[in-house]
Structures are given as C-alpha cells and as structure tokens.
Amino acid sequence: MGNLLEINNLKIEATSYPPGEPPKRITIVDGVSLALEKGKVLGLIGESGAGKSTIGLSAMSYGRGGIELTEGEIILSGRDIRNAKSGVLRKLRGAEVTYVAQSAAAAFNPAKRLMEQVIEATLYHGKASKAEAEARAVDLFRKLGLPEPETFGNRYPHQVSGGQLQRAMTAMALCPQPDLVIFDEPTTALDVTTQLGVLAAIKAAISDQGVAALYITHDLAVVAQIADDIMVLRHGKTVEYGTTEQIITAPREEYTAALVSVTAKDHTEKVSDDKPVLEVSNLHARYTGMDREVLSDINIAIQPGTTLAVVGESGSGKSTLARVITGLLPQIKGRVTFEDRELSRDLKGRSRNDLRELQMIYQMADVAMNPRQTVGTIIGRPLQFYFGMKGKELRNRVVELLDEIELGAGFIDRYPAELSGGQKQRVCIARALAAKPKLIICDEVTSALDPLVADGILRLLKDLQDREHVSYMFITHDIATVRAIADSIAVMHLGKLVRYGPKSKVLAPPFDDYTDKLLKSVPEMRLDWMEEVQRTL
Amino acid sequence: MRRVPFPALIGLFITTLFLLCAIFAQWVAPYSVSEIVGDVWEPASAEHLLGTDNIGRDLLSRLIWGGQTTIFVAIAATVVSFVTGSVLGLFAAVIGGWIDQLLSRFVDLIMAIPTLIFALVVLSVMPVTLPVLILVMGLLDSTRVFRLSRAVASDIEVMDYVEAARLRGEGRTWIIFREILPNALSPLVAEAGMRFIFMVLFVSTLSFLGLGVQPPAADWGGIVKENKDGIVYGIPAALLPAIAIAALAISVNLVADWVLDRTSSLKGGRNG
Amino acid sequence: MNSLVVKLLVQRISLGLLLIFLVSILIFVGTQILPGDVAQSILGQTATPESLANLREELGLNVPAYQRYFSWLGGVLQGDLGTSLTNGRDIATSIGERLGNTLFLAAWAAVISVPLAITLGLISVLYRGRWPDKLISAVTLSAISIPEFMMSYILMYFVAVKLGWAPSVAMLNSSMGFWDKLHAITLPVAVLVFVVLAHMMRMTRAALLNVMQSAYIETAELKGIPRLQVIWRHAFPNSIAPIVNVVMLNLAYLVVGVVVVEVVFVYPGMGQYLVDHVAKRDVPVVQACGLIFAAVYILLNMFADIVSILANPRLRHPK
C-alpha cells in the first residue's frame, strides 16, 4: 500500500543572526526519513531542540522564521513538495494537511468568533458550503466533548477555557477532512486531568475520521497511547524508529531505554519521628484585592532530612503556599513555625538567621540567576552575606560547592547564559546549599527540564539530602517526580488540602475523588493505559 | 570584544569628530565667534570655506562655535534629565506603594502637556539664561526617562533573581545597584543617545524661536534664525546647520542602536 | 454595548477632564509662582520700585495665588481668556480666528499623513527586509533626525525659491478663496506631513509587525490563505487599536510641529501667536494658548484610548 507521507533523508537548516556577529548556518534536522500510511499515527518524540516540531511542519513544507528545508524529499500523496511553488502549497495547506498548535490560546485570533475560524479553511478551499461546514463543525464539537456544541462556535476565544480551546483547535484541523493532521504538543500546556480528556477526544476523533496524524510530544507515555509508530529524535537526528510496542517494551537504543525508564523510578520512604523542622498550622491566605482565599486551613509539617511533596494542578495554591512560608505573601490567619520559633508574617520581620535556614529554588533557573553575575558571585554571595567569608576562604568554599553539584571549579567564572538548563539548575541548588539551610523549598525545579536532565537533578537532590540532612518541600504537578523523591505527600486542590500523610498512605486506596482522578490521569508507560482509565473514570 | 559593525563605526567616527570640534572649538575655528570678517553673505571661498553670514561673520567658525554651545547644552540637559529621571524611576519601581503612585501620576500629568508648549510657558516667565535653559529642558525631559527606567526596573523587579535576593535579606541598595541597575543599563544607555538627539533638536528649536541660546553666542538653531532671510534670496546659509544636526543625530542613532544590540545579546544567552 | 465598556468609557472621559483641570493648575503655577517675577520680566531690570508696584497692583499680583487661579479658571470656563498685556486686546477674540487657521493647517496635514503612513507601514511589513522596506526606513530615519524648522527651510529653499512651485510664506487673508488658501499652505502642510509621517509610519510598522508575529497569523497561513487576505482578515482587526494609538500619539508631533511651522512660514495661527507672546512675556496669552494646546493633546489621547477600549474583543464580549 502506498504511503500518504514519505520523508527521505530530510535536512533542515537555518541561518541565525547572533547580534554583533556574522550570521551562522545551523543544521536543525539531519538525514531524517519516515513513512506514514493513510489513517496511521506516527509519534515524534524528543527533548526540546530535537527538531521534532520542525519535522512536523515540514510535512506542509513550512519553515518557521528563516528555516529552510535544504535537502531530501517530502513526498505527500505521491508528489515531492519540498520545493513546491507557494500556489501549490497554499492549496494543500489547510486542505490536505492541517495543523494543531501547542498553545491554542495564542493560535486563535482573539477578534473573531470560534466558528468563523474553525470553518475558514474548509470554506476557503471550497470543500463544503457554509451550512455544511458549520454542521460539520458542530458535529466535531460534539464528538470532542465541547459544551453546548450548537452554540459553542458563537463564542470568542477568550470566553472558553484552555482545554476547550485545544479541542476547538482539533475541530478546526479536522473540519476540512484532511488526509493528515500535525499535532504539535497539543496537550503539553494543559493540566494533567484536562490532558486526559483532550487526549481521549483527539484519539476518538482521528480514528473516527480515519485521518493520519503526526503526533509531536516530549512525553513518551502520552504518545504511547495514541501512536502506531514512534520515532525518537535527538539533536535533529533519528535515534530509534519502530512500532510503539517495540519502543515501549523493547527499546534498542540506550537513550530510548532511559526515556522509558525515567518515569518508572521509585524511592523508599523515610519515616521520621523527629520534631518537625517546619510546621504550618491553620493557614489562610488571600491576594490583596481578591475576595477568594487562595489558601484555606492548611496544616502540614516536615521532619528533618525528609521530603514533603506538595502536589496539585495550576490554581491549586501550591506555589502560594511557598510564598506564604517564605514571607513574600503574609498570611491572613494561621502560624508558620520553624525550628520551634514562630516566623514573622512578612519578610521584614524575619531575622537573617530565619532567612538563611529557609532557602528556595525556582522552576526557571535562567531567570532565577542575575545574568550579569558570574557563577562565582552567585554562589559566593550567600557565603559573604551570611558568613562574612572573603577572599581565598570564599573561593575555596565556592569550589567545594561546585564539586558537590558535580560541575567543578572550571565553572566559577562563567555567566548563566553560558550554561545548559540542567547546569543552571545545579548552580541554583549550590546557591541554596551555600546558606547551610535546614529546609529548601523546591518550586517545580524539574518541570522545565528534559526528562533525563530532570532525573539527574532529582538524584543530586537526594544525594545532598543524605549528606547534609536537609529537608525539602517539593512543589510539583508531576506524580512521577513525587514517587521518585517524596517521603510524605500533600495533595492540594483549589486552595485546600485534600489529602496529606506519608507517601505509602497517600498513594494507597481508598482514595478521595480528586486524588483518584489525579493519580489516574497521569499517563503511564503502557499501551492500553488510556482505555483502562477511561473505563474506570 | 566583538567586531564593531560598519554602520556603528561610521557613527562612532562622526560622533567623535563632532565632539572633538566642540571641545576644541577655540583651536579648530578659523575665526572668533563674533568677529566680522567680510561682507554680508559672501559665497564660499578659500578664506571662508562656507562663506559668511548675515552680518559678515565667518560661517564655518560660527558653525563650530555653535556646535560647541548646542552640544554642551544638550549634554548638560541630558545629564540632568538622566540623573533625575533614572534615579527617581528606579526608586519608584523598587519602593512601590504610594510614593511610586504619586511620582508616576505627577509624571503622567507633566507628560499630558506637549514638551515644547510647556517649555514655552515656563520660559515666558523665566530669564532665558543657559542654566535655566538646561534645567527646564532637562527636568521636562526627565519624565520620559523616569517612565522608561521605571518600566525597565519593574520588569526586572519581578524576576526570580531579585526575589531570591529579597529572600536572602538583601537591602534596598544592593537590590537597586547590584541586581537591577546592571540589567537596566543597556536600554538606559541606548535611551541616553536618543535623549541627547532630542535635546539637540529641542535646544535648536528653542533658539530658532528666539527663546533658547541668546545672541551673540552662536548655536545651530540661532544660526538658522539669523540667516533665514537669505533663503528667499536663494542663499542657503541657513541650511548648513540642518546638515550638521542631521549628521550628528544619525550618527548618534547608529551608535545607540549598536550599544543596545551588543548589550542585549548578553541577556538573552543560549538555551540548552 | 455592555456595562463594563460604559464604565471604562466613563472612567476614561472623567480622567481626561480631570487631567485638563490639573494641567490648568500646572500652567498657572508654572507662570505665576515660579521664581521669575512677572512684573519684573515685563518691565526689565531698569524698572523703578514704584512702577513695579503699580504693575503688580494692575496685574492683581497682590491677591493670593489661589484666588487669582480661581478667578482665571472661572473666566476660562465662561470663555473669557482675559486681555493681552501687550496690546490690551481680548485674547478670546484674537485666538478665535487663529485657532481656525491652525485647525485648517493641522487638519490637512492629518488628512494626508494618516492614510499615507498606514499605507507605507503596510508596504514596509509586506516587503519586510527587502528594498521598499529599507528605503522607507532610511528616509524616515533621516526625517526624524531633522527638526521641523530645518525641514521647512530646506523645502522653502528648493521648492519655493529654486523651483518656484509654491509660495515661500503662507499668508492668509479673508478675501482668499478655498483653493487659494490651500495653495498658500502647500509648504507648511508638506513639512508637517513629512515630520508626522516619519514617526507615524515607523510606529505603524512596529505595531503591525507585532501583530504579524502572533501565533494566529501562522495558523491562518497554515490554512493556505494568501498573505494579503491573512493581513486583511486576521492582522487588521487586531491592529486597529494599536494603529489608532499610534496615530493619536503622533498627532502630538503635529501639535508641536504646528507651532514651529507657523513661525517659519509666518502663518497667522495659534502657534505664531503663542511664540510671539512668549517673547513679549505676555503671560495671559501664554496661559491661554498653553491650555488650549494641552487640552487638544489630552483630548486626542483620550480619543485614542476610547477607540482601543471599543476595539477590544475581550471587553466587547465579556465572559
């Protein structure tokens, strides 16, 4: 049977214009080949910068911002479109091949109603009359589980939620009844419980229409639910290409095997009866000018040398909890007790020692470090500030810390911009350690990192805990991370604590409704996971 | 140090040339500023490279002396504008609260009046001397610098690294001078170039209207005013300062662009 | 229209009126309380103490400042702008005819420059990075580097004197017909258009480019829709608010430019009137003109904000 899409030896290059330097030629994708039959789904998976989105868009012969498809063949329905004229490409874009973007919120025109945008391509390419197209759209809205499908299209993009927009975008892609849809990380920006619904809707809709799809994501567990074949990419090259089953159950390459196993790590729970280092009792908080409490009646405690994971989706109040504990947002009620002393509500009232013993590590390491300071200054400042270290003593201690985070003395004079994402996060860890804290609050510290890098950071944090006996409060939305590091768990939802206790108890039935849904929504590295979950939810 | 791109090089060269001429006007100018050396509106000759002006002074010398005044006043006004605007802007952003509100609303109010109009209103009751001129121009313009520096600082202020410094317990001085200022510097430096050009245009306009630098001192706007009557007789003396102003403005622009470009590349950095 | 929009509009209009009120205070303070003594400035350094005292009495300078302010404001609200110190004429009458002339000049400049700026901005964006864009950028960069009065003389020298295509001064009188008037103001309008156009076009280009970089433009392109249609259907509706803002912001250059251009071309408008009386230190005239110029400027900005409120889909169709 003939392939719908065949890419042979594709090379994609771009010219970058670093300010103040001569332009540079960079290769983004090199020698990639793939084939996709009608009605099949191919998953493209890789870290950021692996070139997966670029390959996806090349199926429409489209290069974003100065990207050029320089070598190879892109054969769509029997013709090579790599160098096709723009008139030819216009005819196939939006008609034969359509695209679903990562951020539907940005991909919809804010000034136009959804219906107009959903049927635009269908009408433009003359694939249906306006009435037919609208009927198709309503049908798709219904199949994709959108509320009030008859009138949904009358709304403007800002009037519907993120998950609904992502479904509407899928409807927009399916409405012209194309042969191929490119899904570019369609669920990455969504909360885990929303992701499950959207993913299921996408899967049902594409199998219903019998359309082929390229599904691009960084999450292997997600793609395993939807793809027939998977291609693993790294640095613009193919690492491994095979059926989904083979990739998940019998990966041939080390890199693929690491990706498969990274979400399966577990950590044995430490139990401690020691006096808690941090106790939060009866805590309520609210942002100024808002009526609703963002935190209500929170009670948690963390024992020395253990890790409490605070889990929740966006809007659950987990980051707010960190802000209250650190004194950035004074609580309206309740107490924060640290090492037996009650901490002042706001930052001003806290002693230097209070501040030193409670450190924080942020999600985005690149904005957590002053870009004009060297690594040496960044790590050295707490030493100087809290311990008055100077000169050689200071430098030696900085080098020691750099060794502890497995970077070494060579990094001391570098600027943050010269480090990779993982290295940046390590420097932030060193800065926190430099203060010799009792407790470190880690706010989504691994969620901006690629899975293997994140794994390394988690391992480092665990090693440091064993050595320094420091406690962590680990804020995350990712259950796999929780399993890999937590001793106790607090599940938060809409500003409330829904479940709290030792890991073994929290993650064991009987569950409350929310925790049940949350745990079940986390994609697992199994082929039949989604079907199973849909039956039980 | 990276290679300086060609346009910036030209900009640097011409700007430097202008500055040197301004500083060393005493030695560069062939004649003194007010010496009458020839007939009215003599054409260009070997003696008077650009001819003479409306009362027979050497035009080239007038232009060089005029450049000295114009550039000096513009630099002084830019300094006043910058020091006032950026210090208040940075403090407003870091302190926040009612002080920030008060300052920001006051600046909004001043900016609700076009600068030239406000300057005219104020100059109608003030004696027009160089210090008054510099102060009026500088203070009126500082509102723009205030807005920019406050905006830049507020953007930086919400960065996690500033929060990290706060959580460490750092004082206000450290946060302003060590965390915010180094990162705010490149847009501010580029803006300084733009403000300087604006000042050159501003002081020239005021002098042209007769409310800026007073005769017999020369400045570019004043030279236009003195020689404007020649235009209808086809004598282009009044156009020469235009060339000087445009050349200076464009070259400073080129340098400012380069500074902005060069420094902002440090901030972006590479990912991964 | 919904209540949220009405509320925002009412807020914005009240803010504009409040600003005008505050500006009137500022202008009054600027001319009355600053260290410079009005009487001293009028009479010069050689004035005798008696004549100074007399003039102060005459100007009402012995009454507390706030009382003088309120009587001035009361007059302004009733259309009484006071009398000129230098010629004793009623200021409102003098301004009346001049304001008409100034508006005539400014309106023509606006009518020509706004569509031209938007068209050129569009061309720049369509041909981004290619020669039409580069040419337009280079010309406008030089245009904003030259002050208005210089541009005026350059045009006067080449167009009026060397080529004789247009009159070099823009005198108006009541016997002139419409077309004569239009011919008389060719050069001042050209200068204003050139100066305003440069700023306006650069900002229009930036505003449009900003919209063109949105993800929804890529979405439309990936639907196979031709570029011009993408601009018209997707970029344009979202550009109205920023472009109106740009236009209004740049009409401010018109307000300032008009002052200078009128002086250069000896045009009988508000600007020349203001500058003349600043030199003569005729404070009541300066106050009146300053207030009118500022009020026009504030009203233009207010209008821009009103348009962007009305053009915002989030406000027109709330959740």
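A polar contact is a pair of N or O atoms within 3.5 Å; within protein, one atom must be able to donate a hydrogen and the other to accept it, and residues adjacent in sequence count only if both atoms are side-chain atoms. The model is predicted. By this rule, 12 residue pairs are in polar contact across the interface of chain A and chain C, both residues of each pair being at pLDDT 80 or more.

**Composition of the chain A side**

- Four elements of chain A each give two or more residues to the side that touches chain C: β6 (97–100), α3 (104–107), α5 (120–124) and α8 (162–174).
- The most is given by α5(A), with three residues.
- By class, this side of chain A has 15 nonpolar, six polar and six charged residues.

**Extent of the interface**

- In chain A, 27 residues are in contact with 20 residues of chain C.
- The two chains, A and C, bury about 2200 Å² between them, and 57% of this area is on carbon and sulfur atoms.
- Of the area that chain A buries against chain C, 28% comes from Glu120(A), Tyr124(A) and His158(A), more than from any other three residues.

**Salt bridges**

- Three salt bridges are found across the interface of chain A and chain C.
- Glu120(A) forms a salt bridge with Lys223(C), with the closest N and O atoms 2.9 Å apart.

**Annotated domain**

- An unreviewed UniProt entry carries the annotation "domain: ABC transporter" for residues 10–260 and 278–519 of chain A.
- Residues 278–519 of chain A are 40% helix and 24% strand, and the end C-alpha atoms of this span lie 27 Å apart.

Key. Residues are numbered from 1 along each chain as its sequence is written. Chains are lettered from A and ligands numbered from 1 in the order in which they are written. This is a predicted model: local features need pLDDT of at least 70, side-chain atom pairs count only at pLDDT 80 or more; totals for chains, interfaces and linings use all residues. Side-chain values use heavy atoms; hydrogens and water are left out. UniProt positions are given in the numbering used here, feature names are shortened, and annotations may be inferred rather than shown by experiment. Contact means heavy atoms within 4.5 Å. Buried area is the accessible area (1.4 Å probe) that two parts lose on being put together, summed over both. A salt bridge is a side-chain nitrogen of Lys or Arg within 4 Å of a carboxyl oxygen of Asp or Glu. Ala, Val, Leu, Ile, Met, Phe, Trp, Tyr, Cys and Pro count as nonpolar, Asp, Glu, Lys and Arg as charged, and the others, Gly among them, as polar.
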